[in-house]
Amino acid sequence: FPDPHLIREIAAHILAQNPTATRVLLIGGGITGLAQILSSVGVARVDVVLMDPWERRLLGEHLPEADRRALREGKVRVLTSDPRRLLGQGSQKNPGVPNGELKYDTIVSLAGLPTSASANRLFTMEHFQAVARAAGDGVVLVFFTRHEPTVLPKEEQRTLASLHRTL
């Protein structure tokens, strides 16, 4: 923990989707290395939104020095909020976030598959519409699904088809 090889692979996937990314929002998970990597390769601002206020406290003491340095330098900012609320309300209802600072060219959901009510709400049409409103034209939305590269079971086929129709 954290797995540096996996984190670099995820960063490469994100940057392959948007090589000119300058303002990135990571929904869940990004505090453990990913935000630091993105900020070190030319991304001007990386915001990490954590749903659980205890997550930063619990992870903070175990973060490598490079991650703690990225947080101190200010290129990486951690926000604690419900991602849908953050995107839907914008800066007006998010203390500590100046107006206009919630515009992103890349939004990455690391919340996992929609297998629970908590995760599923980040895969709804309403959430994707909030993403579009908050980000503006040209935003790249990246989310990850997990499946075997050679076999796609029926259940995962249905999940991916549902996500495709929702988008």
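Author: On the face of H1 turned away from its buried side sit the exposed residues His5 and Ala16; exposed means over 50% relative accessible area, buried under 20%, and partly exposed in between (1.4 Å probe, protein chains only). This is a predicted model, in which local features need pLDDT of at least 70 and side-chain atom pairs count only at pLDDT 80 or more, while totals for chains, interfaces and linings use all residues. Residues are numbered from 1 along each chain as its sequence is written, and side-chain values use heavy atoms, with hydrogens and water left out.

Helices (H or I, at least four residues) and strands (E, at least two) are DSSP runs, numbered from the N terminus. The buried residues of H1 are Ile7, Ile10, Ala11 and Ile14. Seen down the helix axis, they fall within an arc of 100°, so they line one face of H1; the arc is that of the directions from the helix axis to the C-beta atoms. These buried residues pack against S1, helix H2 (34-40), S4 and S5, where contact means heavy atoms within 4.5 Å.

His13 also belongs to H1 (residues 4-17) and is partly exposed, with a relative accessible area of 40%. Its C-alpha atom is separated by 9.7 Å from that of Phe144, 131 residues apart along the chain.

As for length, the 14 residues of H1 should span 20 Å at 1.5 Å a residue, and the end C-alpha atoms are 20 Å apart, which agrees. The expected span is 1.5 Å times one less than the number of residues.
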